[in-house]
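Thanks, everyone. Let me put the structure up, and then we go through a few contacts.

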Amino acid sequence: MIQSYKQKPQLQEIYDTIIIGSGMSGLATAAILAKEGQKVLVLERHYTAGGFTHIFKRKGFEWDVGIHYIGNVQSEKSILRKIFNYVSDSRLEWADMGPIYDRIIIGDKPYDFVKGVSNFKESMIASFPDEEHAINTYVDTVFKAAKTSRNFYLTKAIPPFLNTLIGWYLKRPFHKFSDQTTYEVLRSITDNEALIKVLTGQYGDYGLPPKQSSFSMHASVASHYFEGGSFPIGGSSQVVNTIDPVIAASGGTILISAEVKEVIVENNKAIGVQMKDGHVFNAKNIVSSAGIVTTYTTLLPEATVIKHKLNKQLQKVKPSVAHVSLYLGLEGTPEALQIPKTNQWIYPAEGDHDTCVENYLNDLSQPFPVVYISFPCAKDPDWSNRYPGKSSIDIITLIPYETFEKWSDTSWKKRGDEYEAIKENITNRLLIELYKKLPQVEGKIVHQELSTPLTTKHFVNYQTGEIYGLDHSPSRFRQPFLKPRTPIKNFYLTGQDIATAGVAGALFSGVLTSIAITGKNILSKV
């Protein structure tokens, strides 16, 4: 049954733009187009809107599935904050996580990522006093690489003829960094492997270890958090709650439990969508925020895919990593349980990140290559108003999709004993890591639940339960088809696949897609 995200909507047969998927990119595109006066219909197959920004509730708790912290939003001057303000009419508010946003723990040794560039450098130099020059060079290089990204992304939105003329020139500085792996760039700055391991300790934010990831991806994440991390006040459900009225103001609607069967293409022009229940909606523009793989393999007519050789494009990219996430509900307030705001990134003492990942993928009984622990209850100042006397913790690690693939045809919550046994084993191993760092929470957990890549596939519709869309290798940034315009007239893409990983990347992709659709300089309005 199709239903509205809020009230009983007045549905039209024809819209200005239909957007498939209500994740961050779909919501941002919809809000920007609504501000241009368009009537937009957002279609979400899940029973809750928001994609990776949605929350779920169980047993008197709630958990955020995708937003763990956002950088670059504390200052009203930051472009990211301005975009968030624009799409939410400044209703989305942020809480600062405090002086230390990430703690990188190698074996038992902690290294703090401290808010503010000079503080970050000081903290690193205190741990690696002989590497002062390398640390300063590293920070400068991160900023240089990050600065080149703006023109690179804008080439994705400018008209094709302009791109042919000047695109290569605008992209060239970016490719100088994106063509190198994170490890290659860091190794050119220092040969201190321990320092490299610490500086790349946020690789879980984009999913690829240093010898495989593009340095441009690393630089965009590192620079994103230099001024600290923030969390949405009221939890990540506030993202959709604050953007929905902006879409509604122009007569637009977010529909949930609304699964699209196929995009309707006539004479190489997208004109509407057919729903799973047979209903048809028409629009001048159709936008897919469902990820390029899902879009090309399940949403577009097969004849269109073959005609434009879109399946050949998909052979040039790979999905990003899959993950498990352990959601914990605890009795006791964040203060009583002494729960920190700082994220913890826990790594094995021995081996570089790539070796640890490889050993683990070859044998899952090896140590987890990364364990990420996040404390939303402590980050959100409104948490205790909503959940007095309670706390929540999320723990995430990488897992190959293949571990659970044989259950891919079973139903959510009904996957059998062997599946549950694997989940229990992973849960117990993750709890051991938690209790090492926060022994005081042992015995306080009243609800625990582990999501697998199949859960991600079920709720976000990514084919192999991947968390960041396509992987962020150097070759990914050389693919010219990862942009809003497609060879099909009036059919556009948005999402992390056309920009970069995470909520900020998805938000910015909404800006790029809106520029491509309207031909207007949306950034100047923001």
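Is Lys520 buried, partly exposed or exposed? Lys520 counts as partly exposed, at 39% relative accessibility. Buried here means under 20% relative accessible area, exposed means over 50%, and partly exposed is in between, with a 1.4 Å probe and protein chains only.

Ground rules. This is a predicted model: local features need pLDDT of at least 70, side-chain atom pairs count only at pLDDT 80 or more, and totals for chains, interfaces and linings use all residues. Residues are numbered from 1 along each chain as its sequence is written, and side-chain values use heavy atoms, with hydrogens and water left out.

Now, salt bridges. The structure holds 18. The criterion is a side-chain nitrogen of Lys or Arg within 4 Å of a carboxyl oxygen of Asp or Glu.

One of them joins Glu36 and Lys520, with the closest N and O atoms 2.9 Å apart. Glu36 lies in the loop between helix H1 (24-35) and strand S3 (40-43), and Lys520 in the loop between helix H18 (502-518) and helix H19 (522-525), so the pair ties together parts 484 residues apart in sequence. Helices (H or I, at least four residues) and strands (E, at least two) are DSSP runs, numbered from the N terminus. Glu36 is buried, at 18%.

Next, Arg58 and Glu449: also a salt bridge, 2.9 Å from N to O. Arg58 sits in strand S4 and Glu449 in strand S19, 391 residues apart. Glu449 is buried, at 14%.

Last one. Asp380 pairs with Arg386 in a salt bridge, at 2.9 Å. Salt bridges with shared partners join Glu62, Asp380, Asp382 and Arg386 into one network. Asp380 is buried at 3%; Arg386 is partly exposed at 27%.
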